[in-house]
Amino acid sequence: MQNRSLASFLVFSLLPVIGITFGTNALTAQSSDRPWMNSQLSPEARAEMVLQQMTLEEKLALAHGNGMAHNPAWTMPLTPLTNGGAGYVEGVQRLGIPPLILSDAAYGVRSSGENGRYSTALPSNVGAASSWDPESACAYGTVIGSELRAQGFDVTLGGGVNLTRDPRNGRTFEYAGEDPLLAGTMDGNMMKCEQAQHIVGDIKHYAMNDQETGRGFINAIASRRAMQESDLLAFHIAIGIANPGAVMCAYNRINGDFACENSYTLTDVLKKDWGFKGFVMSDWGGTHSTEKASAAGLDQEQPMADFFGAKLKDAVAAGRVPMSEIDDHARRVLYAEFLSGLVDNPPQTSVVDVVKGLEVAQHVEEKSIVLLKNDHAVLPIDPSRVHSIAIIGGHADVGMLSGGGSAQVDPPGGNAILPPGKGATAWQMHVWFPTSPLKALRAKLPDTKIDFNAGTDPDAAASVAKGADLAIVFASQWESEGMDLPNLSLPDQQDALIEKVAAANPHTVVVLETGTAVTMPWLDKVEGVVEAWYAGSAGHTALANVLVGAVNPEGKLAMTFPKSESDLPRPVIAPEPPAAAVQFTDSAHLPAQAASFAVQYDEGPEVGYKWYEAQHKQTLFAFGFGLSYTTYAYSGLSIDSATKTARFTVKNTGKRAGTEIAEVYARLPKGADESYKRLAGWARVTLAPGASESVTVAIDPRVIETFDEGKNGWNLTPGEYEVVVGPSSDNTPLAGHLQIR
Ligand code: BGC
């Protein structure tokens with residue numbers, strides 16, 4: 001007995017010395033019968049090894065979800081492992097392949113319904129894109145990834161990168177703006193860092209899901225060239241940076257075929273041209289066929305098994321779907337599991353790092369807030385001049401607004417506005433975080449008298465404003481998945497409230513909590529405008545820091561604010577046909593009204609600022625615009641055509657340290673059939689007062705190429721490209737030339 005203990009003592013104490021820990025020893029023991037557990041091998045090789053061991057049933061199990069918690073339409077006998085999330089895919093337990101436990105996570109881990117877990121809400125995605133800061137995007141993704149993991153999830157359904165073709169799109173807040181390079185870079189960095197937390201990353205909604213009206217059947221019509229140079233380019237850039245395990249195909253149709261059975265976008269572009277090795281999952285209920293979808297490149301139906309369950313099995317048995325297709329679907333899911341590290345590091349529930357989440361949420365918001373107007377330096381608030389402030393409207397006494405739909409994050413302690421805002425169902429509820437700007441400002445300005453008026457009676461609000469040194473009106477506009485905005489006006493007579501307050505007090509500042517652009521009929525009458533977006537869990541602190549000048553604003557709009565809806569490519573979004581007329585499940589039996597419902601993207605690649613420039617339309621605030629409490633000057637542009645770089649100097653000409661986002665645009669050579677410039681790169685330059693820095697920005701060749709439909713490839717047209725540099729898309733004081741031979 002004693003000898004055996006001694007022997008085991010020696011074995012266990014010597015193992016580390018000879019380089020084998022207990023853990024790796026266990027691995028070695030497993031390795032002989034599970035060679036794919038060797039983490040030194042490539043994800044491809046590991047996936048292939050597992051695939052060889054799998055039965056047809058096991059492969060088919062990877063091709064579909066098993067219901068969605070708390071959704072009556074999609075509830076199946078759920079296993080506790082679904083964890084209250086958006087979906088669940090069985091793993092292959094006997095081979096050590098964990099299940100996929102999916103959760104929405106656009107700006108934080110989605111409200112988990114009954115599991116009651118806490119999650120950080122980061123600022124809305126379009127807000128965060130306005131930081132133009134890939135490092136912030138990474139920090140953003142890291143928080144979400146680690147919180148998903150802590151809650152026991154292993155697949156994120158974040159990563160929305162649909163371009164803002166129409167600012168009324170109800171999901172604009174979930175996306176990263178209107179430019180493919182900016183959106184792709186921000187979304188890609190977010191997802192790269194999310195996946196680094198051993199979460200299968202996802203980029204969605206592929207593709208052309210640029211409005212919500214009729215999203216389940218609308219036919220988005222655009223030329224291949226237009227798509228390649230706009231929406232698809234954003235996806236390509238994001239996918240290139242993030243290398244995500246998954247891509248979610250969208251609800252809509254693209255040039256006739258549903259996005260989840262579209263062989264051009266799924267197979268030709270995504271899998272072949274871009275070499276995407278992960279799996280394509282359908283948006284929820286977005287699968288409408290078996291053979292067609294499988295052949296087109298859909299790998300996994302979500303959240304049920306209507307087409308990729310028994311029907312797929314029958315189709316295989318009957319030879320209508322080849323085994324090679326089933327293998328490809330399964331191989332891709334396995335690859336994503338190995339790629340993300342999920343197999344080697346299955347999720348372990350733990351306590352969310354609340355403090356870290358709040359810190360990141362605050363810093364990202366501080367970089368994302370955009371100062372749109374600041375006449376007579378009304379901001380930052382100077383307590384030596386401003387002794388009294390009237391805070392008006394927007395529930396600023398209790399909280400700040402968040403975006404709705406499947407992106408919704410639960411506020412700690414529940415909705416700050418009780419009874420909850422409008423709407424009968426949870427999906428339609430306006431959710432306010434308990435982040436009061438009023439309290440945050442009072443904490444920063446202890447010697448200033450700060451009064452609050454709810455703004456429900458504009459006359460009463462005006463009289464409170466009249467007696468104060470400064471009036472700040474909080475205005476909000478709610479957005480959600482499943483709807484588009486009827487227009488870009490602030491709802492609920494907020495424009496009239498602002499007019500009244502501005503008439504009563506010449507020192508009026510408007511703080512906007514919006515998910516997209518709004519029109520501002522009162523713009524000339526107010527001194528200041530601050531776009532705070534949906535500001536997240538620490539938005540009040542970040543906003544107060546900007547208002548008092550503890551933080552110098554640096555954000556720049558990731559999307560244009562037009563003057564009016566009449567300037568948009570489509571002044572009106574066509575209403576969708578009545579629900580009864582568009583009922584269908586399979587794509588082969590689309591009712592006539594669903595089949596004919598279409599949106600013609602005639603503006604082609606002219607999305608956002610490109611459209612306004614090509615159409616010679618003035619904007620309210622241009623893409624890339626944002627003020628600072630300091631000023632900057634640009635000089636000395638030189639272009640190196642050999643290295644495709646622009647070099648110039650940025651100087652801080654004001655009295656405060658600040659960070660300037662310097663933007664570089666390129667125009668194609670004369671003769672090219674386009675009359676707009678393309679964002680080609682940018683730099684973030686942090687400068688002390690009076691300091692200057694020479695900046696080099698690489699001109700990204702991907703955004704100055706044109707797509708040739710005939711050869712299905714890209715051309716870098718030889719000739720002289722005009723390169724312009726400046727603080728926003730409508731203000732580019734420097735110009736030079738790039739020669740492409
Ligand atoms: C949304 C997706 C979401 C999914 C699961 C769908 O309605 O379009 O973005 O990930 O639901 O909740």
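Which helices and strands are among what covers the buried residues of H9?

## Basis of the model

This is a predicted model: local features need pLDDT of at least 70, side-chain atom pairs count only at pLDDT 80 or more, and totals for chains, interfaces and linings use all residues. Residues are numbered from 1 along each chain as its sequence is written, and side-chain values use heavy atoms, with hydrogens and water left out.

## Helix H9

The cover of the buried H9 residues includes helices H7 (180-195), H8 (224-228), H10 (263-273) and H21 (701-704). Strands E4 (202-206) and E6 (246-249) also take part. Helices (H or I, at least four residues) and strands (E, at least two) are DSSP runs, numbered from the N terminus. Buried means under 20% relative accessible area, exposed over 50%, and partly exposed in between (1.4 Å probe, protein chains only).

H9 is largely enclosed by the rest of the structure, because nine of its twelve residues are buried. They are Asp 231, Leu 232, Leu 233, Ala 234, Phe 235, Ile 237, Ala 238, Ile 239 and Ala 242. The helix runs over residues 231-242 and should span 16 Å at 1.5 Å a residue; its end C-alpha atoms are 17 Å apart, which agrees. The expected span is 1.5 Å times one less than the number of residues. Asn 243 follows H9, with a positive phi near 45°.

## Helix H13

H13 covers residues 323-339. Its 17 residues should span 24 Å, and its end C-alpha atoms are 24 Å apart, which agrees. Twelve of the 17 are buried, so the helix is mostly covered. Among the buried residues are Glu 325, Asp 327, His 329, Arg 332 and Glu 337. Just after H13, Gly 341 has a positive phi of about 85°.

## A surface patch

Val 354, Val 355 and Leu 358 form a nonpolar surface patch with about 220 Å² of accessible area together. Areas come from the Shrake-Rupley method with a 1.4 Å probe; for residues, only the protein chains shown count as cover. Nonpolar side chains (Val, Leu, Ile, Met, Phe, Trp, Tyr) are joined within 5 Å, like charges within 9 Å.

Val 355 lies in helix H14 (residues 354-368). It counts as exposed, at 57% relative accessibility.

## The whole protein

Of the 741 residues, 60% count as buried. The C-alpha trace spans about 85 × 75 × 60 Å along its principal axes.

Definitions and conventions
Contact = heavy atoms within 4.5 Å. Patch = residues over 30% accessible without salt bridge, like charges linked within 9 Å, V, L, I, M, F, W, Y side chains within 5 Å. Salt bridge = Lys/Arg side-chain N within 4 Å of Asp/Glu carboxyl O.
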